[in-house]
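Please keep the model open in your viewer and follow the stops below in order, selecting what each one names before reading on.

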Amino acid sequence: MEMLLMVLCMSVFGLAVAAIAFGAATRPGPSSSPVQPELQPVKPVKAVPPGRFFADIVLPPISPGSHVPTEVLLAQIENHVRLEQAAAQSFLESPSHSQLHTKTTSVFVN
Amino acid sequence: MAYEQPELLKDLTAEEAQLILALGTRIAVPSGAFLFQLGDPAERLFLIERGRIRLTLPMQIRGRQEDVVVEERTSGQTVGWSALIPPHKFTLAATAPLETEVIALPREKLRKHFAANPAVGYKVTLNLAVVIGHRLQLFQAMWLRGMQRMVEKNSA
């Protein structure tokens, strides 16, 4: 008899625990307030990707020159001036439209 | 060593050329030194006897002013013709990339010499016009080439 009562109590207790757990798992209502603040920090992450991604795309066209040291840039400009003078000199020696607009090999403009 | 007639003294007799050169002072310009700076009063014309002179203009590159070479003049050529052309201010800077010797001809001495010897003044002025005209034509062609590139780039 005692055994039967003990099994019965255990069963009722187990049923109660299972019911509570089922209720908690299937409750559709708003999540309790302590959980919500933990989700909030995620919000800034969603704002960052579009902004940074856009910035990363925009920056490269602005910065290629900055990868070239100033000394190299100056040497390129000087070389460009020499090539342009040589081309202009050729034009002066035999002036023609084609001589004036010959293509340059200068890396400064190509 | 045979000394070629400087471009400014072309078509002058040896005696006429010597009289002009006698008006000048020989100056040694150390490597890297300025012969004149942009905006300086142009009191003297220079004939390059030995070495080389770089003519530069200032350009803003990455927020810094850099001297960019626009022309190089060598032995026998003339620099500083602003000394004879008003407003007598240098419109370029001139530096010596290596040890260079020039003959500096003061404007006032030249003016007096030309006044006393008009035929010589005429020949020298013609030679100077060739130097100035060549610079003008060269830069005109360079400018047009640059403009053409801009047009092609902007209309592409």
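Predicted model: local features only at pLDDT ≥ 70, side-chain atom pairs only at ≥ 80, totals over all residues.

## Chain A

Begin by selecting chain A, where buried residues make up 4% of the 110 residues. Chain A contains five helices and zero strands, and from the N terminus on its elements run α-α-α-α-α. Its mean pLDDT is 67, with 46% of its residues reaching 70 or more.

Where in chain A is confidence lowest, and where is it highest? The lowest value belongs to helix α3 (residues 43–62) of chain A, at a mean of 43, whereas the highest belongs to α4(A), at 91. Select residues 29–64 of chain A next: pLDDT stays under 50 throughout this stretch, and the model has one contact beyond four places in sequence for it.

Then move to helix α4 (residues 70–93) of chain A and pick out A:Ser90, which is placed in that helix. A:Ser90 is partly exposed, with 15 other C-beta atoms within 10 Å. Draw a distance from its C-alpha atom to that of A:Thr102, which is 12 residues apart from A:Ser90 along the chain; the two atoms are separated by 9.9 Å.

## Where the chains meet

Now show both chains and select the contact between them, which takes 16 residues from chain A and 14 residues from chain B. On the side of chain A that touches chain B, the largest share, 13 residues, comes from α4(A). By class, this side of chain A has 10 nonpolar, four polar and two charged residues.

In soluble globular proteins, nonpolar side chains tend to be buried together.

Which residues are in contact with B:Val102, leaving aside its neighbours within four places in sequence? Centre the view on B:Val102 and display B:Ile27, B:Val29, B:Leu35, B:Phe46, B:Leu47, B:Ile48 and B:Glu49, which are its contacts on that basis.

## Backbone details in chain B

The last stops concern backbone geometry. Most residues other than glycine have a negative phi, and most peptide bonds are trans.

Select B:Asp11 in the segment before α1 of chain B; although this residue is not a glycine, it has a positive phi of about 70 degrees. Is B:Asp11 buried or exposed? B:Asp11 is exposed, with 11 other C-beta atoms within 10 Å.

Go on to the loop between β4 and β5 (64–74) of chain B, where B:Arg62 is placed. B:Arg62 likewise is not a glycine and has a positive phi, here of about 50 degrees, and this residue is exposed, with 9 other C-beta atoms within 10 Å.

Finish in the loop between β6 (78–79) and β7 (93–95) of chain B, the place of B:Pro87.

Notes. Residues numbered from 1 in each chain as written. Chains lettered and ligands numbered in written order. Contact = placed C-beta atoms within 7 Å. Helix = DSSP H or I, 4+ residues; strand = E, 2+ residues; numbered from the N terminus. Buried ≥ 20, exposed ≤ 12 C-beta atoms within 10 Å, placed from the backbone. Nonpolar A, V, L, I, M, F, W, Y, C, P; charged D, E, K, R; others polar. pLDDT = per-residue confidence, 0-100.
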